[in-house]
Amino acid sequence: MVQDRLLPAFFLLNRYKLRLPNDTSGLHLLSLVCERLGHLSFGAEVVERAIGILESAYEETEDPEVERKYTIANVTLGRLKLSQGEYSDSVMLFENAMGLLAEKDAEDKPTQALKVQAHLGLGLAFSKAIWRQP
């Protein structure tokens, strides 16, 4: 089973997070493992921490790589919020990611993939929010 193979990675990344709490790549990877294992709230908490660190780093450096990581983390958090039924938060995160991706090169394959994920997530969040209303 896939979950059984991911448990060692979860424990290892969780310990890594304790040793290097400001490593955004480690935090994001831990959130992805949490997402796969179904630990959605913990995964959201971890990626929110990464987003906060990335946001601060971008304000200082305006580095495009930091902005890319920030965008990817927003898409991840959008998926986690969507999975938790927090549709308005999910919509906001996907819209934020789409705004950041709007200016990027359309020929870049990773950017195209992120745009597709953001559009799909936004559509799902909107449809879930609409169907949920009385």
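**Note on a predicted helical model**

1. Start with the contacts. Of the contacts in the protein between residues at least 6 apart in sequence, 57% join residues at least 24 apart. Keep in mind that this is a predicted model.

2. The fold has six helices and zero strands. Read from the N terminus, the order of elements is α-α-α-α-α-α.

3. Next, overall dimensions. The protein has a radius of gyration of 15 Å, which agrees with a compact globule, because 134 residues packed that way would give a value near 14 Å. Along the principal axes, the C-alpha atoms fill a box of roughly 40 × 40 × 25 Å.

4. Now burial and surface. Buried residues account for 34% of the 134 residues. The protein exposes about 8,100 Å². Carbon and sulfur atoms supply 58% of that area.

5. Charges come next. The protein carries 15 positive and 19 negative charges. Their mean positions lie 9 Å apart.

6. Where does Thr 76 sit? Its place is in helix 4, which spans residues 64-83. Is Thr 76 buried or exposed? Thr 76 has 2% relative accessibility, so it counts as buried, the cut-off being under 20%.

7. Which residues does Thr 76 contact, leaving aside its neighbours within four places in sequence? They are His 28, Ser 31, Leu 32, Glu 35 and Val 47. With His 28 there is also a polar contact, side chain to side chain, at 2.7 Å.

Terms used:
Residues are numbered from 1 along each chain as its sequence is written. This is a predicted model: local features need pLDDT of at least 70, side-chain atom pairs count only at pLDDT 80 or more; totals for chains, interfaces and linings use all residues. Side-chain values use heavy atoms; hydrogens and water are left out. Helices (H or I, at least four residues) and strands (E, at least two) are DSSP runs, numbered from the N terminus. The radius of gyration is taken over C-alpha atoms; the globule rule is 2.2 Å times the number of residues to the power 0.38. Buried means under 20% relative accessible area, exposed over 50%, partly exposed in between (1.4 Å probe, protein chains only). Contact means heavy atoms within 4.5 Å. Accessible areas come from the Shrake-Rupley method with a 1.4 Å probe; for residues, only the protein chains shown count as cover. Lys and Arg count as positive and Asp and Glu as negative; His and the chain ends are not counted. The place of a charge is taken as NZ of Lys, CZ of Arg, CG of Asp or CD of Glu. A polar contact is a pair of N or O atoms within 3.5 Å; within protein, one must be able to donate a hydrogen and the other to accept it, and residues adjacent in sequence count only if both atoms are side-chain atoms.
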